[in-house]
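Morning, everyone. I have one structure for you today. Please bring it up on your screens and follow along.

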Amino acid sequence: MAEERIYSIKDLNRYIRMKLESDSVLTDVWIRGEISNFTHHSSGHMYFTLKDEGSRIKSIMFATHNRRLPFIPKEGARVIARGNVSVYERDGQYQFYATHMQPDGIGSLYMAYEQLKQKLDEEGLFAPGRKRPLPRYPKSIGVITSPTGAAVRDIITTITRRFPLAEVYLYPVLVQGKTAAPSIVRALDLVNEMAEVDVIIVGRGGGSLEELWAFNEEMVARAIARSEIPVISAVGHETDFTIADFTADVRAATPTAAAELAVPHQMELKEQLAGYQRRLNQSLITRAKHNRDKLERLSKSPVLMNPRRSLVQHTERLDQLHMRLTRAMDSRKRFAREKQERMRISLVRFNPSAQVSSAKKEIMSYRKQLETAMTSLVKVSRQQLQGNMRHLDALSPLKVMSRGYSLVYDEQDKKLVKSTKEVAPGDLVKIKLVDGQLACQVWEIKEANEDGK
């Protein structure tokens, strides 16, 4: 019997861990339970047990994940957690590693939120590359929010205080309830259609996940994404994050912060303008001093102190240049005349009329040669034709038959009879003479003897 492999405890636990971590369900699973044995370690990690009526599982949430929790887990709290199942190899105990957690009761909304967030993120709606910068000095700002909430008052007050030159256009919408999301979408499309503002603020004050849910709807996220005007999302408080926050060009922690992002502060602009004015004044003073020093140096220069001396030198230089120019012009004229003469000689040498006359003479000579050659060729050909005709006439059968010879054919007049062996007594034959044809019958055949008789 072959020896069975024996595993160490460590190898077995590692094998089980690999199996669990390769399972498609256990690598990303949601569970619901009650927290017990909760410990928040000094390292930042959270150790606890999740239990329900039938069972329990040891769990851990590392500090890198629990820092983002919107609440503080407590003993006895019912939660919904997301994470993966694996094995702690040292103790050989499987446990749940949580990455997300929400209080139970809003768990279904949170799961829908996470699923939509992942879907839109994969489509690229959250990509930094599609985020547009806000205008630096907007002339008008569109605010999409409830007309009765505290958010609109905070936004208008902040904009009026910081940048009173900007006009604020309010587009009232519902921000809570089933009809809130369509109301927000219509307002976003209307603002873009009217194109009367430079930037849009959309949002509301804080609230629970259910109250903020209109800003987690897919239709609102896509309306923000297709907006041609930059959008600032200002939903809830600083710890609230919605799908609209991820889709917008800029996310503001609060409505007041959105107003501060939308417009500059007039005091900052005044200080900035005052700084520019100081720099401009200093630059003008420096430039004036520099020009004054330069003017003083120029006024003491030899040119201005005794301008006639400088003019004398320039007069002498002008005379020299005039002489050089005159010599250059004479040289250029002489060169042009020589070139013209060379061209005239070339034209005479290659006069077209002389070349045409020579070509005509040459053509006449070629024509005479061609006529002579053709006459000679025709004469020779005629002589050859006459000789061939005499030869053919001599070989003609009619010529032979005129001397008393005839031709014998079979009855069908198709085959020439050349031997006595080709006919038999009684056969009909045809004899062609020079002036006609005879139809005959063979009565007797006599063959020639050795001497041809």
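Start with Tyr 7. Is this residue buried, partly exposed or exposed? Tyr 7 is partly exposed, at a relative accessible area of 46%. The cut-offs are these: buried is under 20% relative accessible area, exposed is over 50%, and partly exposed is in between, with a 1.4 Å probe and protein chains only.

Now the ground rules. This is a predicted model, where local features need pLDDT of at least 70, side-chain atom pairs count only at pLDDT 80 or more, and totals for chains, interfaces and linings use all residues. Residues are numbered from 1 along each chain as its sequence is written, and side-chain values use heavy atoms, with hydrogens and water left out.

Back to Tyr 7. This residue sits in the segment before helix 1 (9–21). Helices here are DSSP runs of H or I with at least four residues, strands are runs of E with at least two, and both are numbered from the N terminus.

Next, charges. A salt bridge puts a side-chain nitrogen of Lys or Arg within 4 Å of a carboxyl oxygen of Asp or Glu. By this rule there are 14. Glu 21 pairs with Arg 17, closest N and O atoms 3.2 Å apart. Why can they reach? They are four residues apart in helix 1, so about one helical turn separates them. Arg 17 also bridges to Glu 89, at 2.6 Å between the closest N and O atoms. That pair links distant parts of the chain, 72 residues apart: Glu 89 lies in the loop between strand 4 and strand 5 (93–103).

On to the strands. Two strands pair if DSSP finds at least two bridges between them. Strand 1 (29–40) runs antiparallel to strand 4 (78–88), joined by six bridges. Val 29 has Gly 83 as its bridge partner in strand 4. Strand 1 also pairs with strand 2 (46–51), antiparallel, over five bridges. There, Thr 39 partners Tyr 47. Five residues lie between the strands of that hairpin, and Gly 44 takes a positive phi near 105°.

Asn 37 lies in strand 1. Its phi is positive, about 55°, although Asn 37 is not a glycine. Most residues other than glycine have a negative phi.

Now the inside. Which residues touch the most other members of the largest nonpolar core? Of its 25 residues, they are Ile 144, Ile 184, Ile 200, Phe 215 and Ile 224. Helix 5 (180–194), strand 8 (199–204), helix 6 (218–226) and strand 9 (231–235) each supply at least two. Helix 5 gives the most, with seven. A core here is a set of buried Ala, Val, Leu, Ile, Met, Phe, Trp, Tyr and Cys residues joined through side-chain atoms within 4.5 Å.

Last stop: Trp 443, after strand 13 (436–441). Trp 443 is exposed, at 73%.
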